[in-house]
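Subject: Structure handover

Hello,

Here is the model for your files. My notes on it follow below.

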Amino acid sequence: MEEFLSVLQRDDFVRNFIIHIQLSALSVVLGILIALPVAILVNRSDAASNLAINIGNIGRAVPSLAVLVLMIPVFGLGFDNALVALTLIAISPILINAIVGLRQVSPQVIDAAKGMGLSGKQILTGVQVPIAAPIIFAGIRTSAVQVVASVTLATFIGGGGLGDYIVEGYQRGSTEIALAGALSVAVLAIGTEFIFGGAERAFTPKGLKIAQKRGRRRK
């Protein structure tokens with residue numbers, strides 16, 4: 001227990017904690033900035049949507065550590081490599097959910113919006129995105145939790161983060177040091193789940209929440 005607490009009090013713990021959060025936050029933000037525009041571009045085409053979803057599924061199938069290692073020949077070791085690799089990991093869940101969410105909007109709803117004289121941009125921002133918001137946020141939440149966990153592996157390519165203590169604990173044969181890193185990552189992942197779960201509920205349109213409740217009651 002004493003060694004566990006000593007890790008939490010070390011100066012480098014705060015630095016690695018901040019690096020872990022920086023890598024996680026930047027990767028998810030970049031993933032959103034890349035995935036959402038692509039989803040908007042392809043959602044009206046069956047072929048383009050299927051291609052993007054298949055690419056996303058391939059991305060999800062590749063182990064996180066393999067993605068980090070594959071980036072070494074291009075970006076070398078360190079923070080930048082970890083950021084690029086983690087951004088690639090972040091993109092897949094967001095891209096797939098955004099495409100599925102946008103395409104699930106009923107064609108009758110879109111036709112009704114067109115009949116009211118709304119432009120394509122107005123239909124997208126005022127109809128499709130609000131209806132798809134819960135699914136899009138679910139993808140962002142999945143991506144964020146996955147990235148927080150994957151940052152742990154950045155230590156193997158010199159990216160820093162809380163994974164350093166898991167490796168240090170293994171090298172020194174100290175379970176307490178490894179637990180200090182592992183439990184810190186677990187707390188971050190649980191906190192991320194709660195934060196994005198709250199954002200998902202906050203950004204779901206009120207009318208959609210009522211419709212979802214009615215649907216659950218009927219079941």
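**Ser49 and its surroundings**

The side chain of Ser49 reaches the backbone oxygen of Val42 at 2.6 Å. That is a polar contact (a pair of N or O atoms within 3.5 Å; within protein, one must be able to donate a hydrogen and the other to accept it, and residues adjacent in sequence count only if both atoms are side-chain atoms).

Before the rest, the ground rules. This is a predicted model: local features need pLDDT of at least 70, side-chain atom pairs count only at pLDDT 80 or more, and totals for chains, interfaces and linings use all residues. Residues are numbered from 1 along each chain as its sequence is written, and side-chain values use heavy atoms, with hydrogens and water left out.

Ser49 sits in helix 3. Helices are DSSP runs of H or I, at least four residues, numbered from the N terminus. Ser49 has 0% relative accessibility, so it counts as buried (under 20% relative accessible area, 1.4 Å probe, protein chains only). Setting aside neighbours within four places in sequence, Ser49 is in contact (heavy atoms within 4.5 Å) with Val42, Asn43, Ile99 and Arg103.

**Helix 6**

Helix 6 covers residues 79-103. Its 25 residues reach 36 Å from first C-alpha to last, close to the 36 Å expected (1.5 Å times one less than the number of residues). A kink of about 25° lies at Ile91, shortly before Pro93. The bend is the angle between axes fitted to the seven residues ending there and the seven starting there.

**Cores**

The largest nonpolar core has 32 residues. Such a core is a set of buried Ala, Val, Leu, Ile, Met, Phe, Trp, Tyr and Cys residues joined through side-chain atoms within 4.5 Å. Among those with the most contacts inside it are Leu23, Ala82 and Ile99. Helix 6 gives the most to this core, with twelve residues. A second, separate core of eleven residues includes Leu162 and Ile177.

Best wishes

Definitions and conventions: Helices (H or I, at least four residues) and strands (E, at least two) are DSSP runs, numbered from the N terminus. Buried means under 20% relative accessible area, exposed over 50%, partly exposed in between (1.4 Å probe, protein chains only).
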